[in-house]
Every structure is written in structure tokens, then in C-alpha cells.
Amino acid sequence: MICFSAAMGVISVARATLPLALFGRSGIGTLLGRLTVPQNLAFAASPLLFAAMIEHVGRDWALIASAAIQIVAVAAMLALLRLLARG
């Protein structure tokens with residue numbers, strides 16, 4: 001639990017400072033708003049969608065789909081890290 005809390009703290013700091021470091025001070029408020037809206041919509045919709053998925057395809061398939069989505073997210077993150085390391 002402590003490791004998860006520490007990771008969430010680092011993510012919170014990075015979410016606030018990384019766009020500033022990458023894009024500068026000009027229009028940072030607008031940029032952060034644009035970045036936050038999709039995340040907030042996903043956070044709001046995910047419990048409802050996951051419950052609907054459990055209802056329609058069952059617990060096991062819902063967990064498999066969730067794991068597949070997470071694997072795709074990790075792959076995208078690794079691809080982004082490689083892209084940033086190049087340039």
C-alpha cells in the first residue's frame with residue numbers, strides 16, 4: 001500500500017509539472033485543462049462501463065478485457081518513452 005501511495009504522489013507531481021517542462025509557461029492552464037478532461041471522463045465512466053461489461057460478458061471476460069487494455073496502455077507508454085529518448 002505504501003508503494004502505491006508513493007507512486008500516486010509521483011504521478012500527481014509529474015502530471016502537474018511535466019507539461020510545464022515540455023511546453024513552457026505560455027497557455028499552461030489551457031493545456032492542463034485539455035489534458036485533464038479526457039482523464040476525468042474516463043475516471044467517471046469506467047465503473048459504469050466495467051459493471052456493464054461484467055453484466056454482459058461475465059466476470060472472467062471482463063477481467064481479461066481489463067488486462068488486455070492495461071497491456072496496451074503499458075505498450076503505449078513504453079513506445080512513448082522510446083520516442084522521447086530518441087529526440
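Helices here are DSSP runs of H or I with at least four residues, strands are runs of E with at least two, and both are numbered from the N terminus. The model is predicted, so local features are reported only at pLDDT of at least 70 and side-chain atom pairs only at pLDDT 80 or more, while totals for chains, interfaces and linings use all residues. Residue numbers start from 1 along each chain as its sequence is written, and side-chain values use heavy atoms, with hydrogens and water left out.

Of the 87 residues, 3% are buried, where buried means under 20% relative accessible area, exposed over 50% and partly exposed in between, with a 1.4 Å probe and protein chains only.

Next, select Ile11, Arg15, Gln39, Ala73 and Met77, which among the 26 lining residues lie nearest the centre of the largest pocket. Helix H1 (2–23), helix H2 (28–57) and helix H3 (59–86) are the elements that each give two or more residues to this lining, and H2 provides the largest share, ten residues. A pocket is an open set of points on a 1 Å grid over the protein atoms alone, where a 1.4 Å probe fits, with protein on both sides within 12 Å along at least five of seven lines; lining residues have an atom within 4 Å of a point. The volume of the largest pocket is about 1100 Å³, taken as the space filled by probe spheres set on the points, which are joined across faces, edges and corners.

After H2 comes Gly58, with a positive phi near 95°.

Finally, show the side chains of Arg59 and Asp60, which form a salt bridge with their closest N and O atoms 3.5 Å apart; the rule asks for a side-chain nitrogen of Lys or Arg within 4 Å of a carboxyl oxygen of Asp or Glu, and the count comes to one. Arg59 is exposed at 57% relative accessible area, whereas Asp60 is partly exposed at 48%.
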